[in-house]
Amino acid sequence: QVQLVESGGGLVQAGGSLRLSCVASGRTISKGVVAWFRQAPGKEREFVAAIRMRWHGGNTYYADTLRDRFTISRDNAKTTVFLQMNSLKLEDTAVYYCAGNDADYAYRTTNEYAYWGQGTQVTVSS
């Protein structure tokens with residue numbers, strides 16, 4: 001089965017930027033959708049962004065409250081999906097997960113994704 005691995009999390013000051021990476025171990029992600037979710041303590045996992053992988057140009061989707069600050073993208077070889085986070089706020093503190101499905105539709109709920117990474121912690125400080 002697909003193994004997703006996130007990296008790039010850490011401690012950052014409010015207003016700063018961070019770029020997360022998601023890699024599917026041992027394979028190119030050539031179909032379906034890769035999404036980012038996040039989960040803060042005591043809260044449910046929430047949708048952040050998603051990108052379609054099959055075609056040359058990936059369609060992107062965002063949570064409405066994040067689209068002005070976050071950008072999802074992929075490398076040209078489709079080996080890595082990135083989440084660029086700018087103007088970070090305290091409320092962005094969470095564990096960030098990448099997830100995948102084999103259906104070419106950018107669902108926004110966790111139960112539509114079969115493959116998950118272990119998560120990477122993002123902590124925004126004042």
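Predicted model: local features only at pLDDT ≥ 70, side-chain atom pairs only at ≥ 80, totals over all residues.
Q: Which members of the largest nonpolar core touch the most other members?
A: The largest nonpolar core has 38 residues, and at least two of its residues come from each of β3, β4, β5 (46-52), β7 (70-74), β8 (80-85), β9 (94-101) and β11 (120-125). Within this core, the residues that touch the most other members are Trp36, Leu83, Met85 and Tyr96.

Q: How far apart are the sulfur atoms of Cys22 and Cys98?
A: The structure holds one disulfide, and Cys22 and Cys98 form it. This pair links distant parts of the chain, with Cys22 in strand β3 and Cys98 in strand β9, 76 residues apart. The link is right-handed, with 70° about the S-S bond, and both cysteines are buried. Their sulfur atoms lie apart by 2.2 Å.

Q: Why does Arg27 count as partly exposed?
A: Arg27 sits in the loop between β3 (18-24) and β4 (33-39). Partly exposed covers the range between the buried limit, under 20%, and the exposed limit, over 50%. Arg27 therefore counts as partly exposed because its relative accessibility is 34%.

Q: What is the C-alpha to C-alpha separation of Arg27 and Lys78 in space?
A: Along the sequence, Arg27 and Lys78 are 51 residues apart. In space, from C-alpha to C-alpha, the separation of Arg27 and Lys78 is 9.2 Å.

Definitions and conventions: Residues numbered from 1 in each chain as written. Heavy atoms only, no water. Helix = DSSP H or I, 4+ residues; strand = E, 2+ residues; numbered from the N terminus. Buried < 20%, exposed > 50% of the residue type's maximum accessible area, 1.4 Å probe, protein only. Core = buried A, V, L, I, M, F, W, Y, C linked by side-chain atoms within 4.5 Å. Disulfide = S-S within 2.5 Å.
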